[in-house]
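Student: Please put the model on screen. I would like to go through it by question and answer.

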Amino acid sequence: MAKYIAKRILYMIFVAFIMTFVLFFLFNLVPGDPARAEVEAMKELLTPEEYLYRYQQARERLGLDDPLIKRYGKWLKNTLEGDLGQSYAYKQPVTEVIKAPLRNTIFLNVFVVAAVLLITIPLGIKCAIKQNSAFDKTIQVLTVIGYSLPVFIIALIFIFIFAVKLRWFPVSGMRTPNFKGTAFQAFLDTMHHLALPLIILIIGSLAGVTRHVRAAMIDALSMDYIKTARAKGLEEKVVIYSHAWRNALLPVITLIIGWIASVFSGSIITESMFNLHGMGKFYIDALHKQDWNVALAIQMFYIVITLVSYLITDITYGFVDPRVKVDQ
Amino acid sequence: MTVKADNNKNDNNKTQKDKKKKSFLHLLFINLFGGKKKMTVMEEEMLQNEGVEEEIESPGQIIWSSFKSDKVAMTALIIFIIIVIVSVIGPLVNPIDLSFSEVSQQHIPPGRNLMKYPSALEGKVQDISTGPKYSVAASTDGKLYIWGKTKITDTIDLRRVPKDMGNIVKLAAGYDHILALNDEGQLFAWGNGRQRQTDIPDEVIGLTNISDIVAGYQNSIVLTEDGHMYYFGNYMNNDIDLFHPYQGQLQKVVVTSDAVLGLTFDGEVVYLGSQNTAYSRIPEDMGNIVDLAATAATVAAVNEEGQVFVWGNISAKKGEGNIPETDSKIVSLQGGRYHYTAMTEDGQIVSWGDNTYKQSTVPDSVASADIESYYTGFYQNYAVTSQGDILTWGLKGYLLGSDELGRDIFNRLLNGARLSLFIGAISVVISTIIGIIVGGISGYFGGRVDIVLQRIAEMVASLPFLPLAMILSALIGHSMSPRQRIFLIMFILGILSWTGLQRLVRAQILSIREQEYVLAARALGVKEWKIIFRHILPNVFSAIIVSTTLSFASSILTEASLSYLGFGVQAPYPTWGNMLYGANNSVVIQNYWWRWVFASIILSVSVVSINTIGDGLRDAVDPKTQER
């Protein structure tokens, strides 16, 4: 097991390494001369010779004339030391700037993941047990529509109904401007603002996960050992939760972990629609402002999240299903 | 007894099962031609005779017939085919003008009632005046009628007319306000008054000899019988010299979108502003001018000989300067937004200029009728016959409303459909080709090639899709034209989404590779590439089709999401996604609902129907899933 995990981690690092190189290469394709940007302000004050000298100095200091691979090495070294560079737009280190959005996004997504799992697992199991009943069919139709609709259309409809027409929730933002009150009241205020985006994120994920839980459960219920268990006269509850669900767990876990990774990148649209100060909104802003250091850092965040989730999937496989020989 | 019956039943079942095994085609035949209908012996015999022919039925036909019986999937297929046909034919019938934008047509709600005058008006037209999206008319019995879209803002509605106006005899419809004059010489103004264009000055209130009223863009002009003019409203946008030397000489005043010109009693055209503009360069030697008219950007005058002169900012594209030949001389003129309508001495109506909404195409009914008077404004024309009938031509309105630049949403949806489907299709073609090649090579050759390719595929699959597509679009598309970006988006979508199909093709080939017929082919000495393409790929084909259909839907969705966020196809090219760009604020969501509702509906319907077709195909290809 340890050997397998080590192997997967090495592989993960390799992928991340390749990706950073590709991204770094792409970022270098973008026209722009940081050295020139640095000395341009002094152009008026300097003689042409002095200006040229300063410019060359800046180029040297920033290592712009080095071959790409050398610059990449330098950048990688800095990144590994936790220095992600400066944000052009905020004039602050990237690590400082992304703290707040990172916190918000993690809070948002952890909440969504918990809520979705709490809803979809019982729902999927119930659909599987009552397969082809009216209840199941209704849920099936709803989920097909649910996964076909893009999240921004769901969001537009919800904003129209709940924020514009009924005025239950604010249209955007994370808190009331100049809010005064106790910490608890502030929390309630934030939750009031976050309610609509959370509902939309949850609804956006419900359909896919429910369908998978249902399918896994139906597969498990059609197995012979279920018939045996029933024949033994076991209680239906025991049959379902102890025999079937345990076997359905493997495909469900695989899916759910992969899905958790996609939740993070999926919240980009919702965050930008509701103007939430999260990673997704921040990422879009950085791309629009061409604040490449920030964009690169967030992109790496998404890649790392995905890779880690794949790693966790592989490892959990081994724990949940002892039959899977992960060392192979 | 019961045991016997059971036995019988069992036997029956058995024979039925045997039958099933014996002739699957037979069963299929029954299914094809009406399900439970029992066959006569004759038919069965025929079937057996035709057995040889029946066997020719290819897997494709079997899938198709099974798909046909799936009502939901068939409905989805029909809907989708209609969408495709419309998206191909639509842009040919209704081509898009990418550079189009028209301030006066912004945010017009859906509906085609801009020229739908109330029938009560027929036979008693006193005056009609037309604004950008509404028309107002007075009848000879003193009633006022307003039609079209009259809501200017949340609080201003042109239908809210002042009370007790008496018998209105003259009307002037401005950009967003209306002036009205009653038979006692009293002036009324209502509508948008932010530039004080509806605040009638005291010196005008006292007037009793008003001869003409003019309403333009944020301005109002009142002309008296003794040739004096009074101006109120926006002084900044319009070039008007309040102390011009022509007071007391003016018989008519016209306004463009930013200038004021007058016609003196002596038949001379004068510029009433202080700046040197294209309007102030009035052609010389025009002779004695009898009528003057203006569009938003040009001015036209007609002299005693019927000769028409047009000057100002003439646009070749709109063609305000292309005065048509007429049989008899032109005697009067009226200007719309970018077109002119004129009447000749013998009562013929001619129109020229911008023809985007057919506003300068005079219909035959008008040409053959005896026209008494005509009224032109913005994009509409009304002609009143001597019998009192009202004939109209020009812009009826927008079926699905207009957007923030005054573009017709229906037209953009139609053209956007083509682009959205095209991008989805090309990206799927790209990803399918990569998927088949990589999966085919990987599955057929195996070994080291397989390991390397699978690692690469795993790497691509493990990348977060949306953020990566965004960053690629931002980085590579950084300095691209909107047109190049369209191709970039296709390419990005294709490059990032081949891994699923690759895995599928590889798995299929791995299982098929070991089958006897491949072995047989190999034993016969068939070449490797021929085995792949002739013997293996056709068997993977159905699985590829299903996967392609589903990824077509997701490509369309991804393109829409990217464009919606501003990282996909960019304006002026329309796609369903970028039509929603900028729709996510409460003002648009509530007040301009047509900007997002229709695009959302068509996008959702397309994606749902493609997904349903994909599901139906999967069931048809693999009957196992249907049983579940």
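Student: How many salt bridges are there over all chains?
Tutor: This is a predicted model, where local features need pLDDT of at least 70 and side-chain atom pairs count only at pLDDT 80 or more, while totals for chains, interfaces and linings use all residues. Residues are numbered from 1 along each chain as its sequence is written, chains are lettered from A and ligands numbered from 1 in the order in which they are written, and side-chain values use heavy atoms, with hydrogens and water left out. A salt bridge is a side-chain nitrogen of Lys or Arg within 4 Å of a carboxyl oxygen of Asp or Glu. By this rule, the count over all chains is 20.

Student: Which residue forms a salt bridge with B:D97?
Tutor: The closest N and O atoms of the pair are 3.3 Å apart. B:D97 lies in the loop between α6 (71–93) and β1 (125–130) of chain B, and its partner in the loop between β15 (308–312) and β16 (330–335) of chain B, so the pair ties together parts that are 220 residues apart in sequence. Helices (H or I, at least four residues) and strands (E, at least two) are DSSP runs, numbered from the N terminus. The partner is B:K317.

Student: Is B:K317 buried or exposed?
Tutor: Buried means under 20% relative accessible area, exposed over 50%, and partly exposed in between (1.4 Å probe, protein chains only). B:D97 has 31% and is partly exposed. B:K317 has a relative accessible area of 63%, so B:K317 is exposed.

Student: Which residue forms a salt bridge with B:E102, and where does that residue lie?
Tutor: The closest N and O atoms are 2.9 Å apart in the salt bridge of B:E102 with B:R337. The two are 235 residues apart, with B:E102 in the loop between α6 and β1 of chain B. The partner, B:R337, lies in the loop between β16 and β17 (339–344) of chain B.

Student: Are B:E102 and B:R337 buried or exposed?
Tutor: The relative accessible area of B:E102 is 3%, so B:E102 is buried. For B:R337 the value is 11%. That residue too is buried.

Student: How many residues apart in sequence are the parts that B:K124 and B:D141 tie together?
Tutor: Their side chains meet in a salt bridge at 3.2 Å, N to O. B:K124 lies in the loop between α6 and β1 of chain B, and B:D141 in the loop between β2 (134–139) and β3 (144–148) of chain B, so the parts tied together are apart by 17 residues.

Student: What is the strand order of the open sheet of three strands in chain B?
Tutor: Two strands pair if DSSP finds at least two bridges between them. Pairing in this sheet is antiparallel. The edge strands, each pairing on one side only, are β16 and β18 (349–353) of chain B. The order is β16-β17-β18.

Student: Which residue of β17(B) is the bridge partner of B:L333?
Tutor: β16(B) and β17(B) pair in the antiparallel sense over five bridges. The bridge partner of B:L333 in β17(B) is B:A342.

Student: Which helices of chain B do the buried residues of α8(A) pack against?
Tutor: The buried residues include A:V151, A:F152 and A:I159. Contact means heavy atoms within 4.5 Å. In chain A they pack against α7 (134–148), α9 (183–221) and α11 (236–274). In chain B the helices are α15 (528–565), α16 (586–591) and α17 (594–621).

Student: Where does B:Q218 lie?
Tutor: B:Q218 has a positive phi of about 60° although it is not a glycine. At 15% relative accessibility, B:Q218 counts as buried. Its place is the loop between β7 (210–215) and β8 (219–224) of chain B.
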